[in-house]
Amino acid sequence: MFSRNFILLKMKIGHEQTERIRKQFKNLQTRQDLVDLLSEAKDMMYEDKTKPFKLKTLTYYANPENCKFRYSTFFVKKKSGGQRTIHAPTKGLRSVLRSLNYVLQCMHVPHQAATGFVRDRSIVDNAQKHVGHHYVLNLDLKDFFHSYDRNKVKLAFMYSPFNLRGCTEKEKLAFFLACLCTHPFEIEGATKTLLPQGSPTSPTITNILCERLDRRLTGLANRFGATYTRYADDITFSSPHNIYQEETNPSLNPKGSYENFRAELERLIEEEKLTINPKKTRLQKSGYRQEATGLIVNEKVNVRRRYVKQIRMWLYYWEKYGYERAEQIFRSDYMIDKGHVKKGKPDLMNVLDGKLEFLKMVKGKEDGTYKGLKERFYELIGHEDPINRVLNVWETEGIDQAINIYYKDKLE
């Protein structure tokens, strides 16, 4: 279920808060100014007076020599084989970075082609742009977060929209922020200070650093009559015609670019010091299943049939056998399907609730399939969908009454 913080955060991230953050950031001169800004951002996030940050806390976390355990590392198995390395910041650093991430998102408006980790954009928005095209090309950028080192992050803070340059103190602030957002890692026998995969700020910073890439790949798409989007390291092109044939020994034209789409795409990505993962590159043609960021895009944005079938199956087990027996069956199935990435004992009710929320996001709250499954779910748990009730009251009677209803439900 959604929390009060979700409701308040959804309400409070607006023009007024964004302008306050931008004005305060523009006037940054010292580290203490930064501490004050992050403390105010934290208050905005939770719409409450929170415990302010201290300068010594930020200074401690910004220096990996002082704080040697800023991140804990763990591995998540991939369904396709291999494993993904995740670096999770310690609790104190995570709090600082969440507030900083709020500030970064207020300061920077991502390119329209960037849909991942952007306010008011989602994988549905990403997929929607590729619906109904005859050809869909998916590709993945290898070691995406580790492609950006501390110096690149510092330069990002020195230029628009942050502009921490022009005097020594501002440039020191740019370096200080870069130190907070990066971490030293052992890569192929050498220590490199890079963006961690698992930090709250890393996806937002890559959107900032990829702005030129997004502009150039949008230009490439326009040149060849295609559509381009990027969701973090996941890039998608789609078009009504096949522009994706590879050419042997392509030659540069007088302007220094290739006339072949694939060759020009690779050139532009290489110029940005990024690498395409050939194992995750695939061209999908109409007549076959086409996907973008895991969603079907052949005729409309949709989930895979298996997704809905699985929800129906678990609801049926619950209706037929009762919750305890249904959860035993569910856990057995779920661990086979998700055991490579999920730890602990999954809860049938929570998983169904999350899957139904995702289904609503993809298909819409008025979709018949979603409504039917939702009604069965809430009949089983014995009450009305609480978040819908709160949001409906919000829309019709205002936020104050919605919060009153929320607390009344919690007390009951």
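Me: Where does Pro 161 sit?
Reply: Pro 161 is in the loop between α7 (150–158) and α8 (168–181). Helices (DSSP H or I, at least four residues) and strands (E, at least two) are numbered from the N terminus.

Me: Before I go on, what kind of model is this?
Reply: This is a predicted model, where local features need pLDDT of at least 70 and side-chain atom pairs count only at pLDDT 80 or more, while totals for chains, interfaces and linings use all residues. Residues are numbered from 1 along each chain as its sequence is written, and side-chain values use heavy atoms, with hydrogens and water left out.

Me: Back to Pro 161. Is the peptide bond from Ser 160 cis or trans?
Reply: The bond from Ser 160 to Pro 161 is cis, and its omega is near 5 degrees.

Me: How accessible is Glu 47?
Reply: Its relative accessible area is 32%, so Glu 47 is partly exposed. With a 1.4 Å probe and protein chains only, buried means under 20%, exposed over 50%, and partly exposed in between.

Me: What about Asp 143, what is its phi?
Reply: Asp 143 also has a positive phi, about 50 degrees, although it is not a glycine. Asp 143 is in the loop between β3 (135–141) and α7. At 54% relative accessibility, Asp 143 counts as exposed.

Me: New topic. At what angle do α3 and α4 pack?
Reply: Helix α3 (residues 31–46) and helix α4 (residues 55–62) pack at about 105 degrees, and their axes are 9 Å apart. That makes α3 roughly perpendicular to α4; the cut-offs are under 35 degrees for roughly parallel, over 145 for roughly antiparallel, 65 to 115 for roughly perpendicular, and oblique for the rest. Axes are lines fitted to C-alpha atoms, for helices over the stretch in contact, with angles from 0 to 180 degrees between N-to-C directions.

Me: Which residues meet there?
Reply: From α3, Arg 31, Gln 32, Leu 34, Val 35 and Leu 38 meet Leu 55, Leu 58 and Thr 59 of α4. Contact means heavy atoms within 4.5 Å.

Me: Now rings. How many aromatic pairs are there?
Reply: The structure has 19 aromatic pairs. One of them joins Phe 237 and Phe 261, with ring centres 5.1 Å apart and planes at 85 degrees, so the pair is edge-to-face. Rings of Phe, Tyr and Trp (its six-membered ring) pair if their centres lie within 6.5 Å; planes under 30 degrees apart are stacked, over 60 edge-to-face and the rest tilted.

Me: What does that pair tie together?
Reply: Phe 237 is in strand β7 (residues 234–239) and Phe 261 in helix α11 (residues 261–271), so the pair ties together parts that are 24 residues apart in sequence. Phe 237 is buried at 0% relative accessible area, and Phe 261 is buried at 1%.

Me: Which cluster of rings includes them?
Reply: Ring pairs link Phe 224, Tyr 228, Phe 237, Tyr 244 and Phe 261 into a cluster.

Me: And α11, mostly covered or mostly open?
Reply: Helix α11 is mostly covered, with eight of its eleven residues buried. Among them are Arg 262, Leu 265 and Ile 269.

Me: What covers those buried residues?
Reply: The cover includes β3, α10 (211–223), β7 and β8 (276–285).
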